[in-house]
Amino acid sequence: MMTTSEQPATLRERKKLRTRQALADTAVTLFGERGFDNTPLDALLEQVEVSRRTFFRNFRSKEDVALTAVTHLWDIYLEVLDGIKKSGPLADVLLDAMLTTLERMDEDWYRHFPLTLRLIADSPALDGYTLRYCAEVQTEIARCLDGQGRLELRLLIEFFVAAWRCALDEWLPECTPGELPALLRRTCSSMNSALSLEA
């Protein structure tokens with residue numbers, strides 16, 4: 001789940017990356033087969049043949065490794081948002097940053113992301129961890145845009161994240177990579193009419 005320009009230069013860095021990817025790939029498969037809550041961390045370490053020390057050099061927790069595809073997406077999103085030209089409606093800036101981020105995701109990511117979403121849906125512990133992570137990301141988005149914590153900006157970010165989740169809900173049954181950007185555009189464009197719905 002890296003772009004070519006991000007490939008590490010040294011042998012040691014490449015080895016560390018391979019270990020990290022093996023842990024993330026195996027975690028999604030193993031947790032998917034056995035259930036996240038029912039699979040101890042030691043089962044993952046045994047399958048990848050790494051020590052606890054090696055694991056914790058790469059990931060903070062079992063939840064952290066399970067969410068690799070999610071954190072990779074939002075890491076890239078924050079990087080894109082930080083570098084994007086911020087002019088015009090902020091809703092468009094948020095959407096454009098995600099569309100650019102999705103273009104950067106490779107086939108590997110598109111294979112793992114739906115599996116990760118299903119893991120989250122099936123595990124209350126992982127779902128809770130994800131909600132805390134999402135709150136941290138939203139704080140970072142606000143900081144990146146103005147750092148003021150204005151109520152209007154916080155609401156806009158909440159609306160954008162809600163639109164993203166709605167797009168994912170529609171995408172999940174088939175998970176066709178090319179359809180996700182179009183679904184996100186549609187959910188974002190529906191926001192104004194949704195806010196003006198009458199009882």
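**Entry 1: buried or exposed.** I call a residue buried under 20% relative accessible area, exposed over 50%, and partly exposed in between (1.4 Å probe, protein chains only). I am reading a predicted model, where local features need pLDDT of at least 70 and side-chain atom pairs count only at pLDDT 80 or more, while totals for chains, interfaces and linings use all residues. Residues are numbered from 1 along each chain as its sequence is written, and side-chain values use heavy atoms, with hydrogens and water left out.

I looked up Ile-76 and found a relative accessible area of 6%, so Ile-76 is buried. Ile-76 sits in helix α5, residues 68-83. Helices here are DSSP runs of H or I with at least four residues, strands are E runs of at least two, and both are numbered from the N terminus.

**Entry 2: the whole chain.** I found 11 helices and 0 strands in the protein chain. Of its 199 residues, 44% are buried. The C-alpha trace spans about 55 × 40 × 30 Å along its principal axes.

**Entry 3: a positive patch.** Which residues form the positive surface patch? I noted Arg-12, Lys-16, Arg-20, Arg-53 and Arg-57. A patch takes residues with over 30% relative accessible area and no salt bridge, joining like charges within 9 Å and nonpolar side chains (Val, Leu, Ile, Met, Phe, Trp, Tyr) within 5 Å. Lys and Arg count as positive. Helix α1 gives the most to this patch, with 3 residues.

Arg-57 belongs to helix α3. Its relative accessible area is 52%, so I wrote it down as exposed. I also compared positions: Ile-76 and Arg-57 are 19 residues apart in sequence, and their C-alpha atoms are 21 Å apart in space.

**Entry 4: salt bridges.** A salt bridge needs a side-chain nitrogen of Lys or Arg within 4 Å of a carboxyl oxygen of Asp or Glu. How many turn up in a search of the whole structure? I counted 6 salt bridges.

One of them joins Arg-104 and Glu-79 at 3.6 Å, N to O. This pair links distant parts of the chain, with Arg-104 in helix α6 (residues 90-104) and Glu-79 in helix α5, 25 residues apart.

Arg-111 and Asp-108 also meet in a salt bridge, at 2.3 Å. They are 3 residues apart in helix α7 (residues 107-122), so about one helical turn separates them. Asp-108 counts as buried at 19% relative accessibility, whereas Arg-111 is partly exposed at 49%.

Methods
Areas by Shrake-Rupley, 256 points an atom, 1.4 Å probe, with all protein chains shown as cover. Charge placed at Lys NZ, Arg CZ, Asp CG, Glu CD.
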